[in-house]
Amino acid sequence: MTDNAPISWLDQVKWDDKGLVPAIAQDAASGRILMMAWMNRDALALTAQEGRAIYWSRSRGKLWRKGESSGHVQKLHEMRLDCDADVVLLSVEQLGGIACHTGRESCFYRQFDGEQWQSVDNVIKDPDEIYQ
């Protein structure tokens, strides 16, 4: 190996102490933020390779292909890395129109009204019907 070997695009990401980076999924057409999840090195590499969003599930301790149980796949349009190289932005097409496990378009469905959080987005499909 030489000192002037190119740096892998994955090595340019600033991974946290657990080997993770936050990833924000944004609707490619509307620009709406759909969700935030975590990616490890394998998730980011596979997302680029497969052209669909793949995340790391911290609760399950494994890779999670968005839509594997719900059918609500995120088709990748573009990936970007922020200026500090510590956040990934995924521009996606949300198949089925539902990104949130609550059955809503976006996980960001609660809005602060000055005193409390209010749900401002309707449930598109009951989660019990999605995750049978």
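Is Lys 125 buried, exposed or partly exposed, and why? Select Lys 125 and take a look: its relative accessibility is 36%, so it counts as partly exposed (buried means under 20% relative accessible area, exposed over 50%, partly exposed in between, with a 1.4 Å probe and protein chains only).

Before moving on, know that this is a predicted model, where local features need pLDDT of at least 70, side-chain atom pairs count only at pLDDT 80 or more, and totals for chains, interfaces and linings use all residues. Residues are numbered from 1 along each chain as its sequence is written, and side-chain values use heavy atoms, with hydrogens and water left out.

Lys 125 sits in the loop between β8 (117-119) and α2 (127-130); helices (H or I, at least four residues) and strands (E, at least two) are DSSP runs, numbered from the N terminus. Leaving aside neighbours within four places in sequence, Lys 125 is in contact with residues including Thr 102 (contact means heavy atoms within 4.5 Å).

Next, click Thr 102, in the loop between β6 (88-94) and β7 (110-112). Thr 102 counts as buried because its relative accessibility is 16%. Beyond residues up to four places away in sequence, Thr 102 touches Tyr 109, Val 123, Lys 125 and Pro 127.

Now pick Arg 104. It lies over the face of Tyr 109, at 3.8 Å from the ring centre (a charge sits over a ring if NZ of Lys or CZ of Arg is within 6 Å of the ring centre and within 35 degrees of the ring normal).

Last stop: Trp 64, which is 21 Å from Lys 125, C-alpha to C-alpha. Both Trp 64 and Tyr 55 are buried.
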